[in-house]
Amino acid sequence: MKQLSMVYLVEDDVITTFLIKTLMEKFSFADEIHGFQNGEEALNALLAGSADPDMLFLDLNMPIMDGWEFLRAISKHPKYAKLPIYILTSSIDPTDKARSEEFKNVKGYLVKPLSLKDLQSINPAVG
């Protein structure tokens, strides 16, 4: 897999967002990384249709619209139902992981902090 054109990072914690963006930029994971504070912001950006991401990283626990609400909403849109999504969470609860697997576009469940190894598991060309 080559470097991705665009990635959405849906994460409410600004420090975590900064660290993940820095890691992705350092190892050329994507040309563009767009950050959103909650699921509603990300959903609105997708529905505006200005540019479609190749992949999306999604936190589960956020204000306004959490990750679960986002996953339910996105699964109703045929254009985005197949958008590859990686859950990025601090939750190690097996119930959350099992629940995430109910969504067809969820390709992985990553526990924070995100590491180079995590990025390489998604794209072996990274690093």
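I started with Asp-59, which sits in the loop between S3 and H3. I am working from a predicted model. UniProt, in an unreviewed entry, puts "modified residue: 4-aspartylphosphate" at Asp-59. I note that such an annotation may be inferred rather than shown by experiment.

Is Asp-59 buried or exposed? I read a relative accessible area of 4% for Asp-59. The cut-off for buried is under 20%, so Asp-59 is buried.

Next I listed the contacts of Asp-59, skipping neighbours within four places in sequence. I found Val-10, Glu-11 and Asp-12 among them. Gly-67, Leu-88, Thr-89 and Lys-112 are also on the list.

Lys-112 took me to the next entry. A cis peptide bond links Lys-112 to Pro-113, with omega about 0°. I place Pro-113 in the loop between strand S5 (106-111) and helix H5 (116-122). I logged the bond because most peptide bonds are trans.

Then I checked phi. Most residues other than glycine have a negative phi. Which residue in the loop between strand S3 (55-58) and helix H3 (67-74) did I look at here? I looked at Ile-64. Its phi is positive, near 70°. Ile-64 counts as exposed, at 62% relative accessibility.

Ser-28 was my last stop. Ser-28 is not a glycine, yet it has a positive phi of about 50°. I find Ser-28 in the loop between helix H1 (14-26) and strand S2 (30-36). Its relative accessible area is 40%, so I wrote it down as partly exposed.

Technical notes:
Residues numbered from 1 in each chain as written. Predicted model: local features only at pLDDT ≥ 70, side-chain atom pairs only at ≥ 80, totals over all residues. Heavy atoms only, no water. Helix = DSSP H or I, 4+ residues; strand = E, 2+ residues; numbered from the N terminus. Buried < 20%, exposed > 50% of the residue type's maximum accessible area, 1.4 Å probe, protein only. Contact = heavy atoms within 4.5 Å.
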